[in-house]
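Please find below a colleague's note on the structure shown here. The points are numbered so that each may be checked in turn.

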Amino acid sequence: MSEVRIRPRQVLILIIVFLVVLMMVHRNGKRTCQGPEYLQAMFVQADTLPTIYAVTPTYPRPAQKAELTRLSHLFMLMPHLHWIIVEDTNATTPLVTNLLERAGLEKRSTQLNIKTPPEFKLQGKDPNWIKPRGVEQRNLALAWLRNHVDVDRHSIVFFMDDDNSYSTELFEEMGKIERGRVGVWPVGLVGGLMVERPLLSEDGSKVTGFNAAWRPERPFPIDMAAFAISMDLFIRNPQAQFSYEVQRGYQESEILRHLTTRDQLQPLANNCRDVLVWHTRTEKTKLNAEEALLKKGQRSDGGMEV
């Protein structure tokens, strides 16, 4: 009996069809499939859409594979996304390699690695905010992009943390970013607010301010998930990168100050009225029972990748 091989693209088509069925629900008494329609359109137009390079710093921890698996489903649905995963390790790991292969993303991903210097690593019970995170990893990704991206073709860079929650609609909005512009939108559940968002002029064409409650004096008081950048800006501004030498909460302002001004920002997501990304966080995994097993020379995941 001959072996039947299913290609990743066939799997993606099956997923789209399944989503169409799921999304055929009653909304205000009418049946609709608006969500899957724009996803299907992306597959038809994939060769003409700007490539979105999503940069994800990551590091070994119990929930790492779970977080990356969740994100991989977005990439399986969005044919114009390229995933740059940068590991905080001395070498790339089989866990990430295997995950990309199983998701069929080998040709739409780049796996890099660079260690964070020890003096900038979180220690023990340090809170997440006490030291800047992902600086080395994001800067390595920017170096790779400057050396590998086709500068004649419009593309977009998005810094995509592995513990946030993203709607597929967000990436449809990113595709509207113009050359030489930085697109912005609201982010839910961040900065002590239900939503942080840009404030716009009456006609919705200009950003006039932000509603941030935490450190509103920052030049750009927004979250890393609140913007994406036209790649040509990084080519024209080689000095633009992240830095350890900034105050807490200023990483976004540090990168954006080299690339744009408030007046040049491009509002997206229905004039910044739609929330399409949420600053969620996975709680630290409790492994008391596992630690007890390890003291006995045993483990629950022997020979397994979790």
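Predicted model: local features only at pLDDT ≥ 70, side-chain atom pairs only at ≥ 80, totals over all residues.

1. Glu173, by contrast, counts as buried because its relative accessible area is 10%.

2. Side chains of opposite charge can pair when their charged atoms come close. Another of these pairs joins Arg299 to Asp301, with 2.6 Å between the closest N and O atoms. Arg299 has a relative accessibility of 51% and therefore counts as exposed. Asp301 has a relative accessible area of 19%, so this residue is classed as buried.

3. Arg138 forms a salt bridge with Asp161, in which the closest N and O atoms are 3.0 Å apart. Because Arg138 lies in helix 5 (residues 135-148) and Asp161 in the loop between strand 6 and strand 7 (165-166), the pair ties together parts that are 23 residues apart in sequence. Arg138 is buried, as its relative accessible area is 6%. The charged end of Arg138 also sits over the ring of Phe242, at 5.6 Å from the centre of that ring.

4. Helix 5 also holds Leu145. Is Leu145 buried or exposed? Its relative accessibility is 0%, and Leu145 therefore counts as buried. When neighbours within four places in sequence are left aside, Leu145 is in contact with Tyr53, Val55, Ile84, Val157 and Met231. As for Met231, it is 86 residues from Leu145 along the chain, yet the C-alpha atoms of the two are separated by 8.4 Å.

5. The chain as a whole may now be considered. It has 10 helices and 15 strands. Of its 306 residues, 47% count as buried. Among contacts between residues at least 6 apart in sequence, 73% join residues at least 24 apart. The chain exposes about 16800 Å², and carbon and sulfur atoms supply 52% of that area.

6. How many aromatic pairs does a search of the whole structure find? The search finds 8 aromatic pairs. In one of them, the ring centres of Phe158 and Phe171 are 6.1 Å apart and the planes stand at 80°, so the pair is edge-to-face. This pair links distant parts of the chain, given that Phe158 is in strand 6 (residues 155-159) and Phe171 is in helix 6 (residues 168-174), 13 residues apart. Both Phe158 and Phe171 are buried. Together with Tyr166 and Trp185, these two residues form one aromatic cluster.

7. Arg215 is found in the loop between strand 12 (207-210) and strand 13 (227-230). With a relative accessibility of 24%, Arg215 counts as partly exposed. Its backbone should be noted as well: phi of Arg215 is near 50°, a positive value in a residue other than glycine.

8. Asn270 is a further residue to check for its backbone angle. Phi of Asn270 is near 60°, which is positive although the residue is not glycine. Asn270 lies in helix 9 (residues 269-272). Its relative accessible area is 40%, so Asn270 is partly exposed.

9. The last point concerns the surface. Which residues form a nonpolar patch there? They are Leu189, Met194 and Trp278, which together have about 320 Å² of accessible area. Met194 is found in strand 10 (residues 193-196). Because its relative accessibility is 68%, Met194 counts as exposed.

How values were computed:
Residues numbered from 1 in each chain as written. Heavy atoms only, no water. Patch = residues over 30% accessible without salt bridge, like charges linked within 9 Å, V, L, I, M, F, W, Y side chains within 5 Å. Areas by Shrake-Rupley, 256 points an atom, 1.4 Å probe, with all protein chains shown as cover. Salt bridge = Lys/Arg side-chain N within 4 Å of Asp/Glu carboxyl O. Helix = DSSP H or I, 4+ residues; strand = E, 2+ residues; numbered from the N terminus. Buried < 20%, exposed > 50% of the residue type's maximum accessible area, 1.4 Å probe, protein only. Phe/Tyr/Trp six-rings, centres within 6.5 Å; stacked < 30°, edge-to-face > 60°. Lys NZ or Arg CZ within 6 Å of the ring centre and 35° of its normal. Contact = heavy atoms within 4.5 Å.
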